[in-house]
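Q: I should like to learn how to read a protein model, one feature at a time. Please begin with the general idea and then turn to the case shown here.

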Amino acid sequence: MKSAFDIRLERRFDELKWLYCQLYHDGGETFGQFLAMLKDAWRDRKKPLRDQDARREADPEWYRRRDLMGMMLYAGAFAGNLRGVRERLGYLRECGVNYLHLMPLLDSPRGRSDGGYAVSDFRRVRPDLGTMEDLETLADACRRRGMSLCLDFVMNHTSEDHEWAKKARANEPGYRERYFFYDSWDIPREFEKTVPQVFPTTAPGSFTQLPEGPVVMTNFYPYQWT
């Protein structure tokens with residue numbers, strides 16, 4: 001008997017593979033590994049989340065309902081930490097909020113976080129805000145109250161403190177290719193002429209000057225937010 005995962009995958013396989021190959025130009029060599037990772041994640045998914053998946057699949061327009069009321073906030077500024085946010089869910093629900101958008105909260109280097117977007121570990125919450133367990137507890141509490149939880153983070157770049165960046169700087173194969181390295185500022189300066197700056201006062205530019213020499217690095221591609 002086919003699992004819900006296999007049925008859903010069959011329905012979306014061609015679209016998923018096309019999107020994957022548009023992003024990763026490796027001829028689909030790692031697509032099978034990607035699918036295996038997805039299935040492992042599905043197996044580990046707890047029942048309340050699978051039930052939610054089924055409801056949303058049956059109602060694909062759920063996110064376009066007119067009764068959705070969203071609120072975007074920084075956990076630290078709003079309530080000190082994730083536990084504080086959970087303690088205030090009743091207040092948010094009374095205000096009509098049923099879609100909670102949390103601004104960057106994953107671990108990032110203090111003073112060099114690019115507003116929290118320069119992540120050093122995608123599997124760890126910033127210590128002053130709590131733990132991954134606190135985040136899961138918050139998500140469970142939101143779901144019980146009929147609230148959707150959204151996290152704000154960007155997967156196309158990391159902090160220079162991230163494990164991948166450290167391995168790239170050490171010239172490890174498979175990691176160096178994930179970033180752009182330049183021996184001088186000549187090319188980066190050309191990018192800087194047109195690429196908008198996200199945090200011009202606290203983190204100007206889209207490139208990082210590495211301390212180990214005259215090498216400039218950026219993540220997968222320079223910021224191109226509009």
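A: We begin with burial: a residue is buried when its relative accessible area is under 20%, exposed when it is over 50%, and partly exposed in between, using a 1.4 Å probe and protein chains only. The area itself comes from the Shrake-Rupley method with a 1.4 Å probe, and for residues only the protein chains shown count as cover. With a relative accessible area of 42%, Ala4 is partly exposed. Please note that this is a predicted model, in which local features need pLDDT of at least 70 and side-chain atom pairs count only at pLDDT 80 or more, while totals for chains, interfaces and linings use all residues. Residues are numbered from 1 along each chain as its sequence is written, and side-chain values use heavy atoms, with hydrogens and water left out.

Q: What share of the chain's residues count as buried?

A: Of 226 residues, 35% count as buried. The chain exposes about 14700 Å², and carbon and sulfur atoms supply 53% of that area.

Q: How many helices and strands does the chain have?

A: Helices (H or I, at least four residues) and strands (E, at least two) are DSSP runs, numbered from the N terminus. This chain has nine helices and eight strands. Its C-alpha atoms fill a box of roughly 55 × 45 × 30 Å along the principal axes.

Q: How does one judge the span of a helix, such as α2?

A: The expected span is 1.5 Å times one less than the number of residues. Helix α2, residues 31–44, has 14 residues, and the distance from its first C-alpha to its last is 20 Å, close to the expected 20 Å. Helix α7, residues 132–144, has 13 residues and should span 18 Å; its end C-alpha atoms lie 19 Å apart, which agrees.

Q: Which residues of α2 are buried?

A: They are Phe31, Leu35 and Trp42. To see how they are arranged, one looks down the helix axis and takes the arc of the directions from that axis to the C-beta atoms. The buried residues of α2 fall within an arc of 40°, so they line one face of the helix. The face turned away from this buried side carries the exposed residues Gln33, Met37 and Asp44.

Q: What covers the buried residues of α2?

A: Contact means heavy atoms within 4.5 Å. The cover includes α1 (4–23) and α3 (47–58). Leaving aside neighbours within four places in sequence, Phe13 is in contact with Phe31 and Leu35. Phe13 itself counts as partly exposed, at 28% relative accessibility.

Q: Which residues of α7 are buried, and what covers them?

A: The buried residues are Asp134, Leu135, Leu138, Asp140, Ala141, Cys142 and Arg143. Their cover includes α3, α5 (82–87), α6 (89–94), β2 (99–102), β4 (121–125) and β5 (148–151). Arg144 is also found in α7, but at 67% relative accessibility Arg144 counts as exposed.

Q: Is Pro188 buried or exposed?

A: Pro188, which is found in helix α9 (residues 186–192), counts as buried at 0% relative accessibility. Apart from neighbours within four places in sequence, Pro188 is in contact with Tyr182, Phe207 and Val216.

Q: Where does phi take a positive value in residues such as Asp114 and Asn171?

A: Asp114, not a glycine, has a positive phi of about 50° and is found in the loop between β3 (106–107) and β4. Asp114 is buried, with a relative accessible area of 17%. Asn171, also a residue other than glycine, has a phi near 65° and is placed in the loop between α8 (163–169) and β6 (180–182). Asn171 counts as exposed at 52% relative accessibility.
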